[in-house]
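Colleague: Could we go through this model together? I would like to begin with the overall picture and then turn to the details.

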Amino acid sequence: TGLTLRSLLGASGFTSLSVAHTVNSYRSDAWDYDLEGQMIERNRSRESHTAARLDLTLRLFRGGWLKAGAAARRLDAALDIHLPLGTENSFSREVERINEVAIDQQIRDWHYGGHLQLSQDLGTLLTLTGGARYDRFPLNQKTALSPRAGLSLHLLRNLDLSASWGRYAQNPPLVFLQAHPANAALLPMRAEHYVAGATFYPGKDAKLSVELFRRDYRDYPVSTQFPFMTMADAGEQYDVFGLLLPLASQGSGRSRGVEVFFQKKLTGRVFGQLSYAYSRTEQRALDGVWRPGGFDLPHVLAVLGGMKLTRAIELSAKFSGTSGRPTTPLDPETYLQNRAIYDASRANAERGAVYHRLDLRADHRTSFRWGTLITYFEIDNVYNRKNVRYSYWNPKKQELETVPQVGFMFIGGLNVEF
């Protein structure tokens, strides 16, 4: 739940005050009947976050703007996570289970932060921007100062050039910090971004932009047991139990790419947009080997188009597609032991199937004095593409199976605009 209050400061600017409260509860138990029905996993945790943020935007002088803000977030957590027998070692032929976990802690913590940014127009051609963000992470007693800068050049009437640089910091997830005593010393994860681009306006209703980017990452948590494993890929995991490991802040990463975006606004009856990105993302763990990251998708394409048939009826379609995600092949020993054993020497060396889908949608708008009622009908994944969500070893069938993402689905609903 959340609430935002905005207040005008005359013609000079405005303030925005936001408060929010979220609660996440987990209640799961798992037993393994191949181990005489013993409990292997338990999670009865609860986390609540209460956050407040105040932002100020203020005109200082001719062509100058100040943006400033402060934020505080309180964490109340009751962690109850147990792996009494540890987990199977999915990267070893040894059958011995590893990494018993017993976390039973009450945590109360505050995270403080603030930012300041100044921008100034220099004539009609150039705008300079500079600022910084400060974060304090009391849980692991770390701080981070993240400077940023940018410029925009209005080169021609319909052509803008821009460039920016910035540093960013984020603390590792709470459960990683508590998984092992050594993890309490983990550092905030750092990123440094470089972006340069050009935007061309061929008409009043059209925009074409090209952007080059480079991102460098450091201080990412990596496993001290498995030298090839980095937690930078942890976001692709749906179960963190296998990631409760001893960690060190010695991982790094890099991403390079280009993105092209074209948009045609709805000024007549037709609208649309197209975006395509080519990029490569690599991660490096303790062994010092650069490997494709878990989210390395070299090709990403999205095409959206639509037509307004009447003042009330609008039809649209969206096609999206990406390269397959990196995968780690199974060790042949998997079939002998009937459990998933991954070939650590070929981590992220293969790719899964290409992802693509087509969605169709129809909107009907009815206007009233008080607002607008929008009725919509949508068909997702029209041709029922079996895109893969993740794969797992099925011990009953003794084979690798895939869990698909959402297939063909019909959706309808109402939206209200005031």
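Colleague: What percentage of the residues of the protein count as buried?

Modeller: Of the 418 residues, 35% count as buried, where buried means under 20% relative accessible area, exposed over 50%, and partly exposed in between (1.4 Å probe, protein chains only). This is a predicted model, in which local features need pLDDT of at least 70 and side-chain atom pairs count only at pLDDT 80 or more, while totals for chains, interfaces and linings use all residues. Residues are numbered from 1 along each chain as its sequence is written, and side-chain values use heavy atoms, with hydrogens and water left out.

Colleague: Which residues have the most contacts inside the largest nonpolar core?

Modeller: They are Phe176, Met229, Met231 and Leu244, in a core of 25 residues. A nonpolar core is a set of buried Ala, Val, Leu, Ile, Met, Phe, Trp, Tyr and Cys residues joined through side-chain atoms within 4.5 Å. Strand E6 (64-83), strand E7 (101-122) and helix H1 (174-178) each supply at least two residues of this core, and the largest share, five residues, comes from E6.

Colleague: And which residues does Leu244 touch?

Modeller: Leaving aside residues up to four places away in sequence, Leu244 touches Ile81, Leu83, Asn99, Val101, Val175 and Ala179; contact means heavy atoms within 4.5 Å.

Colleague: Changing topic, how many aromatic pairs does the structure hold?

Modeller: There are 10 aromatic pairs. Rings of Phe, Tyr and Trp (its six-membered ring) pair if their centres lie within 6.5 Å; planes under 30 degrees apart count as stacked, over 60 as edge-to-face and the rest as tilted. Phe91 and Phe228 form an edge-to-face pair, 4.8 Å centre to centre with 70 degrees between the planes. Phe91 lies in the loop between E6 and E7, and Phe228 in the loop between strand E12 (206-223) and strand E13 (247-264), 137 residues apart.

Colleague: Is Phe228 buried or exposed?

Modeller: Phe228 is buried because its relative accessible area is 15%, whereas Phe91 is partly exposed at 27%.

Colleague: Which residues do ring pairs link into a cluster?

Modeller: Phe91, Phe226, Phe228 and Tyr342 are linked in this way.

Conventions
Helix = DSSP H or I, 4+ residues; strand = E, 2+ residues; numbered from the N terminus.
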